[in-house]
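Subject: Model handover, contacts between the chains

Hello,

Here is the model for your files.

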Amino acid sequence: MDTTRRGFLSAIGKVTIGAAASVAGAAGAAEAATAEGHVAHWGMVVDLRKCIGCQACTVACIMENAVPEDAFRTHVSVYELVKDGQDPAMVMLPRLCNHCDDPPCLPVCPVEATFKAENGEVLVDASKCVGCAYCVQACPYDARFINHETQVADKCTFCFHRTQAGLLPACVETCVGGARNFGDLNDPESEVSKMLTENEVSVLRPEMHTNPNVYYIGLDEVLEGRVAGEAAYHPEMADHGEAH
Amino acid sequence: MDVQVHELVGAVHEAAWLPWAVQYFFLIAISATALLMALPGFAFGREEALPRARLALMTAVTTGITAPIALLADLHQPARFWEFFVYTHTSSWMAWGAWIVPSYVVFTLGFAWALHRPAFFAMGQENWRFAWLFRWLSLGGPSNGFAPLLGGLAGVAALGILTYTGVEVMVVRARPLWNTPLLPLQFAATGFVGALGVMLVLERMLSRDGALEAALNRRLVFALCVVAGLGAIWLTVAKSGLSPAHSQALASVAGFTIWKEIAFWGAAAIAVPLLLGLIAPRHTGWATGLIAIHAAWMFRWTVFMGGQAVPKVGSGLYDALLPTGVAGLMGVIGTFGLWVFLLVVYTTFLPWTEAGLPERSHCAPRPARSV
């Protein structure tokens, strides 16, 4: 499966020439993934070396999923790191739901509105959600929020509606530098599986033992957990007199 | 390696549990602990404890009705509350709470009704304007021998309330400040402090019995000592590293000036009524009562609103004081307003001073009514 826009465009070129295979590389992969009893397990590998912090993914997600103004399903945190007095380095960290294999948001849901889909996505049945926000509290990645337009829990779905149609998630589709890679972790031939094999990868908050399905290449360990640093300015923090 | 991190772009995550949740946890803890304090007098037949038990029952009933309304207000889809009972997810403590809360309210109201039934029946036999209402309220008889059974069931449900409210919050590993084994005990102990505070204020307003005031103050001192002891244990295990969960909780807020101020304020809210109650158990009921209510409320506000102000992945703190602005403040005031309204109704329309020992109280003398 072509996991980036560049790969996807490349696939279109091949199809145009060959006029035989599916146009949507993702659709082909999705079909292959369900063939012969194989069930795809979606995952994302974020190559931080390629992320330029342009927030195109943030905007694409908002446009694709009609995310309200005051919330994000994904965004890119930007940090300035100064190590041992050396020159500061700008570091990007795209954040989203980690679609954990052991999601802490799932057992706390009192009405079973949160569930794990067949391909590993952690989803919310909006018609069932009572908006108690217990899942928002339980998520260690701050990846959930209460949508004030629908009044139910909201989060990244790995663009379920798009992957069902054989398309890539909007954030992957739009990623300028090809940092976001999406595919079937159960398929050893998939690009994401190869990236996991060929690179040293890490996950966010490993101490939570959630078995996330979002991996990072080039993640600085100081950013793995709660980032103990000086916060970005936002007006309501101005009076707190932080000592950090 | 020395690393300095400056967050340049980050998202602010607003509090998902709003001030109504604080009100719920505050009121339901007061209700459950007050009910437990009402039981020795009513259900187990200790007549000398009746004046105190009547205040405790009043506290349990009024806060027990208000609390679930506050909880409902905190749901973003309140009209879907019925789903709690249709799709019960047994791995969720909140799902268990959905069954425990109504059970508790029903048993508590049933217990209170049973204790007042003889008086209702007697008032229904008199010749006055609302006799029909009290005949209806008494359901045609004065018998209340089943009150201890209802009291026992309410007591079990009250323990269920204290357990589920504490554990529901404690199991949230993503919030270090909540994920501490001592939290359920702290909720329960501060619940007793709040309930005794309410009873002291009610005693000052309704009874003005110095002996009762002193008795309540003595109990308040004991409850405050337990709270202070739990706080000391919390700090000790957190600082010593004996409990990693507590150490993480402390580390998540240590170093922030506002948290130091909150800690100092909280300690003062415990120390001041403790000293007042110890030194002058009479004539200090207003002060100790109000400060005790404040301490119980502030503990929950700090845990819930302050806890949600600690980012899980980002840097710094979010708004910890009043994250929902005027609307949140109105929620707090509105909930207290409902509670005060219920107190007025309870003391105005119910023969609360006639609630006595089961099966004996219907012979007690009552004031004549000529309305």
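This is a predicted model: local features need pLDDT of at least 70, side-chain atom pairs count only at pLDDT 80 or more; totals for chains, interfaces and linings use all residues.

Residues are numbered from 1 along each chain as its sequence is written, while chains are lettered from A and ligands numbered from 1 in the order in which they are written.

Chain B places 45 residues in contact with 54 residues of chain A (contact: C-beta atoms, placed from the backbone, within 7 Å). On the side of chain B that touches chain A, β1 (3-9), α3 (83-86), α4 (93-125) and α10 (257-279) each supply at least two residues. Helices (H or I, at least four residues) and strands (E, at least two) are DSSP runs, numbered from the N terminus. β1(B) gives the largest share of that side, 7 residues.

Strand β2 (residues 75-83) of chain A pairs with β1(B) in the antiparallel sense, over 6 bridges (pairing: at least two bridges found by DSSP between two strands). Within this pair, His6(B) is the bridge partner of Glu80(A), and Gln4(B) stands opposite Val82(A).

β2(A) is also joined to strand β3 (residues 89-95) of chain A, by 7 bridges and antiparallel. There Glu80(A) stands opposite Met90(A). β2(A) and β3(A) form a hairpin with 5 residues between them, and Asp84(A) in the turn has a positive phi of about 50 degrees.

Regards

Key:
Two residues are in contact if their C-beta atoms, placed from the backbone, lie within 7 Å.
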